[in-house]
Amino acid sequence: MTTISTAQKTFIGEDFLLRSEAARILYHDYAKEMPIIDYHCHLPPDQIAEDKQFENLTQAWLYGDHYKWRAMRANGINERFCTGNASDWEKFEQWAATVPYTMRNPLYHWTHLELLRYFDIDIILNKDSAREIYDECSARLRQPDFSVKSLLNKMNVKVICTTDDPIDSLEYHRLIEQSGFNIKVLPTFRPDKSMLLIDLPEEFKHYLSKLAAASGKANISNYQELLDALQNRHDFFASMGGKLSDHGLEHIYASFDEEAAKQAFEITINGQLASEEQRTAFKSMLLFDLAKMDHAKSWTQQFHLGALRNNNERMLRELGPDTGWDSIGDYSQAQALSKFLNKLDSTDQLAKTILYNLNPGDNEVLATMTGNYNDGTIAGKMQFGSGWWFLDQKDGMERQMNALSNMGLLSRFVGMLTDSRSFLSYPRHEYFRRILCNLIGNDVENAELPNDMPWLGKMVADISYHNASRYFGF
């Protein structure tokens with residue numbers, strides 16, 4: 001690049017976010033070099049299997065990134081430059097013009113961390129630097145050492161857990177394993193459609209036909225056959241190295257009426273909409289039966305709770321889901337969650353569990369709920385998961401860790417994940433680690449914790465990597 005060297009340098013130095021000497025020691029000596037276990041993400045496995053080479057920075061950075069789209073829309077950018085038919089350069093140009101307006105949004109930090117860590121570009125992105133940055137990064141992305149696999153290795157990633165529907169063939173996971181790729185890429189079982197589509201009879205029947213085909217059945221005509229098909233796919237995921245399930249729900253369902261659940265199934269496959277009570281019973285029983293499958297295999301079950309999805313119906317019709325029209329919900333979580341976990345625990349069939357909340361008002365609810373079902377069989381069996389989605393920013397992470405610290409054991413926390421569709425998101429782990437080290441470092445400086453760097457350093461390294469490695473058994 002010719003003029004890029006004269007542009008304003010970023011603010012991200014070695015001690016970014018580290019406000020004390022103790023924080024700096026903890027990060028640089030204990031956290032910085034830890035490998036990454038990304039135990040929940042939405043990376044497309046086909047792009048890993050094919051070792052995709054992006055043509056330009058927009059493809060790698062803006063495609064599918066609803067965080068950026070939301071910011072651009074808020075900045076008055078037309079949808080044509082977000083999800084529309086504008087050229088890749090035009091989309092990037094509009095994103096670059098938006099970046100200065102994202103100050104105090106985590107996107108501002110993430111953007112400059114990603115430019116620095118992947119591309120060694122240490123300048124502020126704005127409309128004036130956009131062309132040079134775009135050309136430089138795009139040129140690098142077309143080089144072999146910037147392919148998808150190379151990008152993952154550059155960030156010291158050791159394990160990736162994708163998010164996969166039971167009907168997925170997992171063919172790309174098999175190809176990745178057969179290729180000898182040094183990073184484990186494992187599937188995660190996410191059977192939500194088999195449960196939530198009970199609200200949409202025609203879509204439910206269509207999904208059942210796909211599930212039947214995937215599990216080698218002619219059809220699925222009753223509740224038990226549905227369970228059998230899901231068990232078949234659960235077994236298949238395990239054979240492919242899967243060790244986790246995941247559910248993205250507004251709230252837990254805990255109305256355990258087996259007869260009503262079976263009635264809901266029968267009514268729905270006949271093309272009718274079951275009553276709300278019957279559908280809730282179906283969701284509750286199926287979620288419970290799936291949880292028992294997880295326990296039988298010593299898997300970890302994850303519950304992402306509290307998103308109010310697809311608020312803008314007009315844009316949902318135009319663009320489909322997962323395009324940036326979701327928000328925090330205000331659902332009641334405690335009672336149903338307690339009832340659900342207790343029913344599993346009562347027969348000793350409660351698997352290792354991670355609970356994530358999207359409403360920060362539920363932090364203490366989930367932090368204390370996990371303590372109800374730790375049974376001494378494994379350290380940190382019940383986990384209050386990291387700040388998720390709208391909460392994976394500095395304030396959200398600190399509030400999650402403070403709630404966990406006050407009401408549980410931060411030292412047993414399995415740490416951060418990307419929850420991302422982008423191969424350029426891995427500096428989020430660095431972001432988390434810096435925030436973690438600063439939080440603990442501040443306590444040392446305030447004489448609220450002893451200046452015991454070996455022990456605190458072990459704690460930081462455990463949260464960054466070792467706890468997850470032991471917990472999941474990868």
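Biologist: Which residue in β6 is the bridge partner of aspartate 246?

Modeller: This is a predicted model, in which local features need pLDDT of at least 70 and side-chain atom pairs count only at pLDDT 80 or more, while totals for chains, interfaces and linings use all residues. Residues are numbered from 1 along each chain as its sequence is written, and side-chain values use heavy atoms, without hydrogens and water. Strands of a sheet pair through backbone hydrogen bonds, either parallel or antiparallel. Here, the partner of aspartate 246 in β6 is glutamine 302. Strands β5 (residues 244-249) and β6 (residues 300-305) run parallel and are joined by six bridges; two strands pair if DSSP finds at least two bridges between them.

Biologist: In what order do the strands of the open sheet lie?

Modeller: Helices (H or I, at least four residues) and strands (E, at least two) are DSSP runs, numbered from the N terminus. The open sheet has five strands in the order β4-β5-β6-β9-β10, with parallel pairing. Its edge strands, β4 (188-189) and β10 (382-384), each pair on one side only. The chain has 20 helices and ten strands.

Biologist: What percentage of the residues count as buried?

Modeller: Buried means under 20% relative accessible area, with a 1.4 Å probe and protein chains only. Of the 474 residues of the chain, 56% are buried.

Biologist: How should I read contacts in the chain?

Modeller: A contact means heavy atoms within 4.5 Å. Among contacts with a separation of 6 or more, 77% join residues 24 or more positions apart.

Key: Buried < 20%, exposed > 50% of the residue type's maximum accessible area, 1.4 Å probe, protein only.
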